Amino acid sequence: MELHYTLWQHIPFVSILLPLASGAFTSVMKPRWARRWTLTVLIIVTALSFLLCMQFMGGAEGYNFPMGHDYEVTNEAAKGAIVNEIRVGSLEALTALFFSGIMLLSLMGGMKKLDEHIDGNKQSLYYVILLLLTAALMAQVYTNDLFTSYVFLEIMTLAACALIAIRKRGRTLVAAAKYMIMNLVGSGLFLLGIVILYDVSGHLLMEPIRQAVANIAVTGQYAQPLTVVIALFAIGLAIKSALFPFHTWVPDAYGYSTPTSQAILSSLVSKGYIFLLIKIMYRVIGLDVIAATGIDDILFVFALAGMIFGSLSALRQNDVRRMIAFSSVAQIGYIYLGMAMGTEAGMMAAMFHLFSHAVCKSMLFLAAGGLADASGNSKLFRDLRGAGYRSPIAGVAFTVGALSMVGFPFLGGFVSKLNIALAGIALDPVRASLVLVTLAVSTMLNTMYFLRTVITLYRKPLAGATYSVQRGQRGFCFNAALVLLALVNIALGVFSQTAVNLITAGLRMFG
Amino acid sequence: MDFLTNYVEIAAMALFGIGFTTLLLHRNMIKKIIGFSIMDNAIFLFLAAKGFIEGKTAPIVTDVAGALENGVDTSLYINPIPAGLVLTGIVVSVSVTAVMLSLTIRLYRRYHTLDIDEITALCRKEGEE
């Protein structure tokens, strides 16, 4: 094992350590400085991830980055067994770029609101949580060790809980409690899965587990525990990322927190769990082994049900934030659908939708916050009439996001729907028709509730209603964040092939 | 399947079930937290039981000079990693419990009850935005 790395290969390690270390400093800083420092760190991490992406676009290969112990262990049997590793490929680099970039833009977009929602002396703590969450996400993306991923998974859960609860309202407290309860159930199942898998395979690093699992699949010994493990992983992470029957905590948690928290929770925290599950399915267990156990069929059914019922629930809401939250449930269904297909094309579609949904959802939540501000702080549809004129940039951003969700060409959502449909056609006839029909119905429902909202935004306000336009002006950062997110969304649609190539190459490096 | 030699694992799974259902279904916040602790500790019990092999000891080498000369006979010792994982897990579990307890305190101060259903109803009645 070669131990010498070039400079760029240290980027993943730095992008985990930098937010983690600066989180400790931010807690003692004044809020204004904490904000600047956090923005700086996020910009640095985003730029570094971009550099890493460029390296992989230039044709670099994936590599492992051992940490913790001396790799030159004399005992041959112990070699590799004690080493904790970071593993980097183009998929990890791209995910890190998206996660850190969206984190930065979400913070920028919601900064004005933070002053309003959080006590002045508590604001630096909010930045501690944000940096901690960034570090946990980066570690989640890059780690090659299952137990490390569990530890950072819990850090993500705690940080997310704090993100909800920091706005001092009764509703957010209840939402945080419910969020914690469901998530603790999920992480309990996930931990049990890791423990049993460790007992069966004797490893915690992903590649050795893969070999052990392949061995189990051939010999049939411990096949039952392995099925249990896969079920525990799938259900545990499905609860944490709000797949359909486990989504009960979503509307409250996403609905009532401060806009930055909403954007981060819906587009990053749940995606972090999904990325971990994709990694486990693809790298640790292997798609064919999962298909043999039938667990992916269960996920398939849940995903299809989520696509329909999430949209139906969204249709019934009269609060725009709850509508977006329920739409998240439907979109998570799309991602799980791609994963449950059990093919490489399906996995690619899932990854692409993960990105396009992350970009889109954060933009929708931020824009909805801005629109509500321009409507006397009401999130109800009847008060939002004409909000598109009062807060023009938020209105345009919301429209772009809504069109992308619906699947309008040249936007990210269109390409991801196309990819899911293409991956679906390649399946056996029954599943292919199920995918296509559900996709069509779900798209129609999406159109109904999103376009209804867009039309509401540009209708004449109710007679006699007056709104303070001043509140809608949220300043340069808000507008810049929304414009950038909209541009990324359009770029994902227009230059989709670049992203698709990177994802495909990344999945190849995975295997 | 030998139930007599695997009794620790069986107990761990039973405890996991008890903790899991309490966490999910009980209405009292404090009891939910107790359920969570039972659930996590059941997993650690399972891991510790799986990681121990009868007749071997912890990998602490006392005869350093001999070990340097002849090398260490690894078959005398158990793998230390499961114990390390249990310790890490306990730390995580404690911090989660602390956060849950602090949330519960804030909920109790606001609603003067520990029943999560009642709290939800009260919160709906408040009807703030």
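Over all chains of this predicted model, the count comes to 13 salt bridges, a salt bridge being a side-chain nitrogen of Lys or Arg within 4 Å of a carboxyl oxygen of Asp or Glu. Because the model is predicted, local features need pLDDT of at least 70 and side-chain atom pairs count only at pLDDT 80 or more, whereas totals for chains, interfaces and linings use all residues. Residues are numbered from 1 along each chain as its sequence is written, chains are lettered from A and ligands numbered from 1 in the order in which they are written, and side-chain values use heavy atoms, with hydrogens and water left out.

One of the salt bridges joins A:Glu61 to A:Arg508, with the closest N and O atoms 3.6 Å apart. This pair links distant parts of the chain, 447 residues apart: A:Glu61 lies in the loop between helix H2 (31-57) and strand S1 (63-67) of chain A, and A:Arg508 in helix H20 (residues 496-510) of chain A. Helices (H or I, at least four residues) and strands (E, at least two) are DSSP runs, numbered from the N terminus. A:Arg508 is exposed, its relative accessible area being 53%; buried denotes under 20% relative accessible area, exposed over 50%, and partly exposed the range in between (1.4 Å probe, protein chains only).

A salt bridge is also formed by A:Lys113 and A:Asp373, whose closest N and O atoms are 2.7 Å apart. Here helix H3 (residues 90-117) of chain A, which holds A:Lys113, is linked to helix H14 (residues 344-373) of chain A, which holds A:Asp373, the two residues being 260 residues apart. Both A:Lys113 and A:Asp373 are buried.

The side chains of A:Asp297 and A:Arg431 likewise meet in a salt bridge (3.8 Å, N to O). A:Asp297 belongs to helix H12 (residues 295-316) of chain A and A:Arg431 to helix H18 (residues 429-457) of chain A, so the pair ties together parts that are 134 residues apart in sequence. A:Asp297 is partly exposed, at 40% relative accessible area, while A:Arg431 counts as buried at 19% relative accessibility.

In chain B, the buried residues of helix H1 are B:Glu9, B:Ala12, B:Phe16, B:Gly19 and B:Leu23. Seen down the axis of H1(B), these buried residues fall within an arc of 85 degrees, so they line one face of the helix; the arc is that of the directions from the helix axis to the C-beta atoms. They pack against helix H6 (170-201) of chain A together with helix H2 (29-51) of chain B, contact meaning heavy atoms within 4.5 Å. On the other side of H1(B), B:Tyr7 and B:Leu25 are exposed.
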